[in-house]
Amino acid sequence: KGRQTDRRKERKLEEHGAIALEVADDIDSRQALLPVLLAQKSRGYQELGVTDLCADEAHRAFLHRVTFETDLCHLSGLRVGSQLAATHWGLLYGGRLYYLLPAYDRGDLAARSPGALLCQRLLQWGIQNGVHTFDFTVGDEPYKARWCEVTTPLYDGLHARTLWGRVCTLVLDSRRAAKRRIKASRLFPWL
């Protein structure tokens, strides 16, 4: 049923123009694509009412540096006609594509799920280009379950060495436990 829905949305997108995956593989295409991604991601943060990381100069500088000064960045977009309907900034290293910053235009094409189609096209691109692992990274968003066959649990821990450290550890552990309960309740989905 999910695949049928995907195909129907893709056909609806095609009504707005030809659909093409664009992978930024040179400086010019990266210079054209990165500002679009930042604008799309920024608007998404604003609509969610969370901190806009794209507005922070340090974050922008980091993305710019990795995009233009390393070979790690994988920047791509889904073009529908003349419009970049969705974009993605990730890392490609050792045959693993890290799916880090997906974004999409929140205009008239948003209801057709261009971000989901971009993810699907990236998976296809990865298969064709020797990517052995598509890493959705941290988070348990429902769309990831459609594609993942392996889930890697993440753990962290605190170990106090002093009495003051034990007090701080107790406070931090209590805060984390409360946050997990709140997230599990789905009362605050943006947390």
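Val23 sits at 25% relative accessibility and so counts as partly exposed (buried is under 20% relative accessible area, exposed over 50%, partly exposed in between, with a 1.4 Å probe and protein chains only). The model is predicted, so to speak for local features pLDDT has to be at least 70 and for side-chain atom pairs 80 or more, while totals for chains, interfaces and linings use all residues. Residues are numbered from 1 along each chain as its sequence is written, and side-chain values use heavy atoms, with hydrogens and water left out.

Val23 belongs to strand β1 (residues 19–23); strands (E, at least two residues) and helices (H or I, at least four) are DSSP runs numbered from the N terminus. Leaving aside neighbours within four places in sequence, Val23 is in contact with His74, Leu75, Ser76 and Trp125, contact being heavy atoms within 4.5 Å.

As for the sheet, five strands make up an open one, ordered β1-β2-β3-β4-β5 with mixed pairing; two strands pair if DSSP finds at least two bridges between them. β1 and β5 (133–135) are the edges, each with a single partner strand, so one side of each has no neighbour in the sheet. Further in, β2 (residues 73–80) and β3 (residues 83–93) run antiparallel, joined by eight bridges, and Gly77 stands opposite Thr87 in β3. Helix α3 (residues 57–69) packs on this sheet and touches β2, β3 and β4 (96–104), its direction making about 70 degrees with that of β3 (axes are lines fitted to C-alpha atoms, for helices over the stretch in contact, with angles from 0 to 180 degrees between N-to-C directions).
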